[in-house]
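The following explanation is intended for a reader who meets this structure for the first time. Please keep the sequence and the model in view while reading.

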Amino acid sequence: MNLKKFAVRGIIILAICVALCMFFSGTVRTITTPKVRLTAAKRGKLEERVELAGRPAFPEVDEVTFALPDDMTMTVAKVNTREGYTVKAGDVLVEGKLSNFETQRKAAQEAYDGASEQLMTLENKNRGIRVTKRDQAYADAFFALRDARRKAVSLELTMEAQLTREGLERTESGYPEGASDELKQMMDDWREAAAAQQAAQAAMDDAARYSVPDDVWSYITEQREQQEKKDEAEAQLRTLIALNDRVKAIVAPHDGYVAQLNVKEGDVWDGNSALMTLTKEDALPTLRADISGQTRNIAEGMTAALNPDSYDAIETKVVAVGTDTEGKKYADIELNERLIKARGSVYAMLQEDTPITLIFKAREATSLVPTSAVRGSGDERYVYVTEQNTAAFGGSTLRLHKMDVTVLGEYGGTTSVQEDISYYTIAYGEDRAVSDGDAVMEYLN
């Protein structure tokens, strides 16, 4: 009986010992085996991003100007727009007044009145003089030849000056090689005037067969002189009054955005520069961002976006890359109406930078894995893939195997790998150093 009890007790103690051994052996294995996280590569296109900030620029503009006589200026009374504002064709942009309008008008009026009085006096003094048709024909031919000569000489001098500037010589016909379009037009104008002078000379030669009495000629020439003075003064008055009315409201030549204002209220403007510039009709400004410090190559056509990760993301693109006058490299990003509206207006965008994201996408799909799972440096990069082995008495073991990979790019914690490793389970984030062939365990939390 005692022997039987002893045997039972022995069996129980043995079972307990075996269980304890199995328990502690598992615990030891758990403690000594490296723990890793497991992941799988995904197929996709690596996306890189560059964050930029820019303000509107106006690459294509038209000048808004106004022709003033050389001896006149305009005082700006009011400017009705600002840089970045939109304007419509016909909108009044600038209100002004001729700075010396009253002085010029008074002088022209006095010249007109003086010539009119001289004509009246001349007519009264020469009531008895009779001007025949032959006399008038001679006078007309004489003054026509005089005017034709003056015009031809003036145009010839202008043409010669342009020839000197371009380092060319006059040709009998055609144009000198390398002549500018401006010079060609000057030569055409002079040749036309020279032909008119020859015709006027022929008419004068024909009229010179007849003589004009001295008293008649004196009357005709003085009358012509005073009439020319009167006509000139009248034309000046008309021009002054019309010009003053026009500068009261200088309007936009077409729709557009105001790119640059060159005048402000109170300025005296001489007409030799643009009052302002407008974007060309149907053209939008661009968003110009400084990329001088960027190491990533940025080129025309690249995708850009405002708030790229939001539900109301607005996509656009790079339309130009260049260097400004200060030597800084910039990228011009296309502005569309939706983007402008999202930022309020072009005027509002000029007041503060607009953040914009450039998005670079690989052309082809590759294997994408966490950057922390890719090991090594330079051209020697690799990952650890796992192989699951089943033990003889149940259970399984994960074992690491080194696999060389070719890294194509890295961005934002993701690495693009050339090889297709999407079929493998990849180990990373180990709690201690591991090497090729090591057995590992997966983190359970």
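The paragraphs below treat the helices, then the barrel, then some individual residues.

This is a predicted model, in which local features need pLDDT of at least 70 and side-chain atom pairs count only at pLDDT 80 or more, while totals for chains, interfaces and linings use all residues. Residues are numbered from 1 along each chain as its sequence is written, and side-chain values use heavy atoms, with hydrogens and water left out.

Helix α3 comprises residues 133-166 and helix α4 residues 181-207; their axes come within 8 Å and cross at roughly 155 degrees. This angle makes α3 roughly antiparallel to α4 (a term for angles over 145 degrees). Axes here are lines fitted to C-alpha atoms, for helices over the stretch in contact, and angles run from 0 to 180 degrees between N-to-C directions. Helices (H or I, at least four residues) and strands (E, at least two) are DSSP runs, numbered from the N terminus. The crossing of α3 with α4 is left-handed (the near helix is turned anticlockwise from the far one by less than a right angle). In the contact of α3 with α4, 22 residues are nonpolar, 4 are polar and 6 are charged. Here Asp, Glu, Lys and Arg count as charged, Ala, Val, Leu, Ile, Met, Phe, Trp, Tyr, Cys and Pro as nonpolar, and the others, Gly among them, as polar.

A barrel is closed by 6 strands in the order β3-β12-β15-β14-β13-β16, with antiparallel pairing; two strands pair if DSSP finds at least two bridges between them. On average, neighbouring strands of this sheet are turned by 45 degrees against each other, direction ignored. Strand β13 (residues 303-306) pairs with strand β14 (residues 314-323) in the antiparallel sense over 4 bridges. Ala305 has Glu315 in β14 as its bridge partner.

The loop between β13 and β14 contains Asn307. Phi of Asn307 is near 50 degrees, a positive value in a residue other than glycine. Asn307 is partly exposed, with a relative accessible area of 43%. Buried means under 20% relative accessible area, exposed over 50%, and partly exposed in between (1.4 Å probe, protein chains only).

Strand β22 (residues 414-417) holds Thr415, which is buried, with a relative accessible area of 0%. The side chain of Thr415 makes a polar contact with the side chain of Thr371 (2.9 Å). A polar contact is a pair of N or O atoms within 3.5 Å; within protein, one must be able to donate a hydrogen and the other to accept it, and residues adjacent in sequence count only if both atoms are side-chain atoms.

How values were computed. Angles under 35 degrees count as roughly parallel, over 145 as roughly antiparallel, 65 to 115 as roughly perpendicular and the rest as oblique.
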